[in-house]
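The following paragraphs lead the reader through selected parts of the structure. Please keep the sequence and the model in view while reading.

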Amino acid sequence: MTGDSSLVSAVAAQTVRVLAWKGPDPVRVDAAYATLGPDSLTARGTSAVADYVVDWVLETGAAWVTRRLSVRTRGDGWVRSLELGRDADGSWSAVRQHDGQRAGRLDVSGLDGALDCDLGLCPFTNTMPVLRHDLVASAQRGESRRVELVMAWVAVPDLTVQVSPQRYTSLGPASDGGAMIGFASGDFETTIEFDRDGLVRVYPGLAKPPAGVTETSRPRRRSRSLVALRHSSDRRNLAGVTSTRHLKTARRKLIMQARRKIAVAGGTGRVGRHVVDVLKARGHDVRAMSRSGGVDVVTGDGLGEALAGVECVIDVATGALVRAGGGYRVLHRRGPELEPGRRAGRRATDGRGVHHRVRPVHRGL
Amino acid sequence: MVVVSIIGCDRFTAGYSAAKLAHEQAMLSGPIPVRILRAAQFHEFVAQLVEWGRQGEVSYVPKMRTQLVAAATVAPALADLAYDPESAPAPGSAGAPIPEIAGRREENLVDMANLLAARRGDPVKIEGVSDPADPDRRLYETGGLLPGPDATLAGPTFEEWLDSTS
């Protein structure tokens with residue numbers, strides 16, 4: 001019986017997560033099934049893109065140090081596989097087979113000191129360093145903590161292995177106990193959103209949760225729970241892949257990766273301060289517009305200056321409605337009198353002569 | 001532009017919700033493309049209602065069915081719309097409903113107000129009221145504020161949120 005109860009507690013310490021991501025490329029999808037232990041994990045997953053599919057199995061030892069990564073890529077008329085391993089002494093080995101030729105050992109002598117593998121374009125393998133260095137907790141506390149790592153990076157779909165110095169930096173909290181974490185490798189730099197379990201939620205330009213799929217029950221740490229996926233119809237997923245779509249998504253990828261000037265009306269408010277935090281953590285140039293900061297979206301005071309050069313406004317300023325009416329209940333009772341009212345319209349011009357018209361509020365409610 | 005609005009605002013004839021619908025329409029009538037995200041009531045709203053309704057030892061809060069959501073959960077969704085405009089269809093285009101975001105489960109506002117007071121050790125007595133002068137009172141009480149089937153649902157629940165903020 002004691003054996004049974006230790007088995008039960010070992011199982012109880014695990015969290016099972018079923019993950020799905022959709023990429024900006026209309027045919028890129030990633031999915032993974034992961035079992036997260038107290039200091040290790042196992043996972044298997046798959047990716048599908050236009051030209052090939054990938055499947056992989058990952059196993060770590062204690063402290064989320066990679067033990068084994070097995071990868072296979074397959075396209076029209078070709079298949080490649082890689083067995084990457086790290087033994088208890090820290091020695092890496094890699095055996096690659098491609099296009100029907102004999103399997104060959106790759107030179108991985110430069111990997112000494114690496115603890116993690118990083119499967120190219122896979123949104124799952126960012127998790128191990130984040131967990132080992134407890135970066136979600138740092139981000140939640142608002143600490144900026146930087147960790148330098150060397151990874152065994154697997155190029156996809158070639159399945160060659162390279163030494164990859166990488167840098168992870170905790171930036172700040174994300175929703176639901178998650179974290180915004182900066183990632184840099186060579187010239188590449190981005191901000192990745194992780195969930196409370198240290199799993200990637202949004203990887204700009206690569207992966208984000210597919211529309212209409214949400215985990216209906218979120219497992220708590222150290223409790224066993226199965227995750228069900230709720231699917232609702234997603235017309236866009238069913239839409240055919242056309243060249244126009246390719247162009248659109250390529251453009252969108254550029255937009256998502258660019259640093260943008262974004263103004264937040266009500267940027268110090270209940271929702272606004274969170275919006276400002278998220279945008280800043282994602283690397284955007286953010287202007288929080290508030291009365292305390294000299295910008296009044298009702299009167300228009302300071303608005304022109306605040307909007308100069310701004311590409312997008314996020315309007316979460318609802319306080320003006322409450323302010324003008326003296327409180328929710330008053331507004332509530334005065335409801336029948338409500339009308340759209342006079343709208344304050346202001347123009348601002350950015351450097352390229354683009355006019356932004358803002359019609360913020362229903363003055364005099 | 002990205003605008004936050006309220007789930008169900010198009011059903012109401014009065015009050016804050018109707019004002020938000022007017023806000024949506026004013027935005028949509030302008031020349032700049034607009035993406036709207038309708039959110040449920042925020043967790044933070046419960047404490048505000050308890051304060052507004054406080055009269056001595058009793059706080060009168062409206063009877064309301066609501067699928068409370070954390071403001072911090074709504075914020076990334078708004079940010080997504082700012083730089084990923086195609087993640088939401090243009091409002092008014094055929095068959096494109098305005099996206100909604102809400103908490104994972106429906107709550108009763110009076111129960112949540114009681115839970116909040118208990119957690120804070122606030123001795124206030126919560127009383128659910130229905131304002132007969134409000135033409136929309138039935139909507140609050142019969143689910144007019146609840147999300148549709150395609151809404152994004154995301155935690156934490158009000159109770160989890162209280163745990164994490166207290």
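In helix α6(A), the buried residues are Gly272(A), His274(A), Val275(A), Val276(A), Asp277(A), Val278(A), Leu279(A) and Ala281(A). A residue is called buried if 20 or more other C-beta atoms lie within 10 Å of its own, exposed if 12 or fewer do, and partly exposed in between, with C-beta atoms placed from the backbone. The helix spans residues 272-281 of chain A and is mostly covered, as 8 of its 10 residues are buried. Helices (H or I, at least four residues) and strands (E, at least two) are DSSP runs, numbered from the N terminus. After α6(A) comes Gly283(A), whose phi is positive, near 90°.

This is a predicted model, in which local features need pLDDT of at least 70 and side-chain atom pairs count only at pLDDT 80 or more, while totals for chains, interfaces and linings use all residues. Residues are numbered from 1 along each chain as its sequence is written, and chains are lettered from A and ligands numbered from 1 in the order in which they are written.

Also in chain A, Val313(A) belongs to strand β19 (residues 312-315). Val313(A) is buried because 26 other C-beta atoms lie within 10 Å. Its C-alpha atom is 10.0 Å from that of Ala288(A), 25 residues away along the chain.

Chain B contains 6 helices and 9 strands. Of its 166 residues, 49% are buried. Among its contacts (C-beta atoms, placed from the backbone, within 7 Å) with a separation of 6 or more, 81% join residues 24 or more positions apart. Asp134(B) is located in the loop between β8 (125-129) and α5 (137-141) of chain B. Asp134(B) counts as buried because it has 20 C-beta neighbours inside 10 Å. Asp134(B) and Ala14(B), 120 residues apart in sequence, are 7.8 Å apart from C-alpha to C-alpha.

Definitions and conventions
Contact = placed C-beta atoms within 7 Å.
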